Structures are given as C-alpha cells and as structure tokens.
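This briefing walks through one protein model, topic by topic, for a reader who is new to looking at structures. Please keep the sequence and the 3D view open while you read.

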Amino acid sequence: MAHLKPLPAESHPELAKDFKIFEEILGFVPNSLLTMQRRPKMVEAFGVLTKAVMDPEGEVDLGFKRLIAHFASRAAGCQYCEAHSLIAANIHGVSQEKLDAIWDYQTSPMYSDAERVALDYAMAAGSVPNAVDEELMERMKKHWSENQIVEILGAVCLYGFLNRWNDSMATDLEEPPKQMGERVLAKGGWTGGKHTS
C-alpha cells in the first residue's frame, strides 16, 4: 500500500498539460505523478526533463529508450518502474514479441549486438555502486555515437529519479503495468512487491 495516496488529477488544473505528456507515454497518468503533485513545480520540472530525455528528434529510438529505462530500473530493484517502462516501450513501437523475449536479450535474435551492449550498460549504470567501466564504455563506443550514449545515459538517469521516488513512496501499481509485469516479468521473479496491495 502506498505511503501517500495519489491526489485526483484535477487537484491542480495547471498540471493538465504535464499530465497529458504522461498519458501519451503510458496511456494514463501514473500514480507517481498524482502523488508528486502535492508540489506542482516538481511535476512541471519532471515533465520538462522527460520531454528532453525522450525527445522524438533524438538519435535513439523512443521505444528502445524505454527498454534502457527498464534495465536501469531492474538494476535498482524498482518493480513499479520495471513494469511501467515496458508499457511505455510497447506504446512507442517495441513489439510484444520482443518484450516477451526480454529475459533472453543476450541470445534472442530479437535483439541486436548494439541493443545488447546498451542494455548491459543500462544495468551497470543503474547499479549501486555504479558498474560502468572502461571496457563497457569501449563496447558502447563500437555501436553508439557519443550523442547516442548521452541519450542512453539520460534515460538511465531519468528513471533513477523515478526508481527512488516510487520505491520510497511504495507507489501503487496501476492495472496495465501490473498485467505487463505478470505476462513478461514474473518468469524472472517479478512480483510487483510493495507496489501491489
């Protein structure tokens, strides 16, 4: 059960545009932001950062950035964000078949060598202590430009905030990401943890 209850979306009408961003990303306004809106400027700032990191004019595919976010969240242990990031990946063009193969990304033909190293990087960057080393960076540079590496790390860092927020708040998991978690992540030990009642 969440430590603080989400407020109704209409509690702060000035946040309607910010909430719309997340409806487009996820198909709904997440409980994390409905809780965060107690401090509206935080929601606004987070929306600005999200738009910058998930810029559709970037060089890294938007759906793949959500897979990066998933692996960073997996490293951090945030089961809320693990499920949310897969919903967002699917909405942004990653096939359900590819998501279903996520536990086998190292060997599945659904994933390229460039994707594999980026997902390894996301796990290492999302770990505490941080596990990015020179060898991993050299592997990244074989497949990704410096601009792309910045975008990839931006996605890791964006979700670093969300991982801390949602695990500390025990944010209640909404039904669509819960269903995605049960379909894709449960076989790897995902339960929803503190985010399910």
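**A residue after helix 9**

Ala 170 is buried, because its relative accessible area is 2%, and buried here means under 20%. The model is a predicted one, and the points below are grouped by the part of the structure that they describe.

- Helix 9 has 24 residues, and from its first C-alpha to its last it reaches 35 Å, which is close to the 34 Å expected at 1.5 Å a residue.
- The residue that follows helix 9 is Ala 170, and its phi is positive, near 50 degrees, although Ala 170 is not a glycine.
- Ala 170 has its place in the loop between helix 9 and helix 10, and Ala 170 is also among the residues in contact with His 195 when neighbours within four places in sequence are left aside.

- His 195 is found in the segment after helix 10, which covers residues 175-185.
- Is His 195 buried or exposed? His 195 counts as buried because its relative accessibility is 2%, while the cut-off for buried is under 20%.
- The side chain of His 195 makes a polar contact with the side chain of Asp 167, at 2.8 Å.
- Leaving aside neighbours within four places in sequence, the residues in contact with His 195 include Cys 78, Gln 79 and Tyr 80, and also Asn 166, Asp 167, Thr 171, Asp 172 and Leu 173.

**Glu 175 in helix 10**

- Glu 175 is found in helix 10, and Glu 175 counts as partly exposed because its relative accessibility is 44%, a value that falls between the limits of 20% for buried and 50% for exposed.
- Glu 175 and Thr 196 are 21 residues apart in sequence, and their C-alpha atoms are 9.7 Å apart in space.

**The cavity**

- Rolling a probe the size of a water molecule over the atoms shows where empty space is left.
- How many cavities of 30 Å³ or more does a search of the whole structure find? The search finds one, and the volume of the largest cavity is about 160 Å³.
- The lining of the largest cavity is made up of 17 residues, and those that lie nearest its centre are Phe 22, Leu 26, Phe 46, Tyr 159 and Leu 162.
- The elements that give two or more residues to this lining are helix 1 (16-26), helix 2 (31-36), helix 3 (40-53), helix 5 (79-91) and helix 9 (146-169).
- Helix 9 gives the most to the lining of the largest cavity, with four residues.
- Sorted by class, the lining of the largest cavity has twelve nonpolar residues, four polar residues and one charged residue.

**Val 29 between helix 1 and helix 2**

- Val 29 is found in the loop between helix 1 and helix 2, and Val 29 is buried because its relative accessible area is 16%, a value that lies under the 20% cut-off.
- When residues up to four places away in sequence are not counted, Val 29 touches Phe 19, Glu 23 and Leu 34.
- Val 29 and Leu 86 are 57 residues apart in sequence, and from C-alpha to C-alpha they are 16 Å apart in space.

**A cis peptide bond**

- Val 128 and Pro 129 are joined by a cis peptide bond, for which omega is about 0 degrees.
- Pro 129 has its place in the loop between helix 7 (113-126) and helix 8 (134-143).

How values were computed. Residues numbered from 1 in each chain as written. Predicted model: local features only at pLDDT ≥ 70, side-chain atom pairs only at ≥ 80, totals over all residues. Heavy atoms only, no water. 1 Å grid on protein atoms, 1.4 Å probe; cavity = no way out; pocket = protein on both sides within 12 Å on 5 of 7 lines; lining within 4 Å. Points joined across faces, edges and corners; volume = space filled by probe spheres on them. Nonpolar A, V, L, I, M, F, W, Y, C, P; charged D, E, K, R; others polar. Buried < 20%, exposed > 50% of the residue type's maximum accessible area, 1.4 Å probe, protein only. Contact = heavy atoms within 4.5 Å. Polar contact = N/O pair within 3.5 Å; in protein donor to acceptor, adjacent residues only side chain to side chain. Expected span 1.5 Å × (residues − 1).
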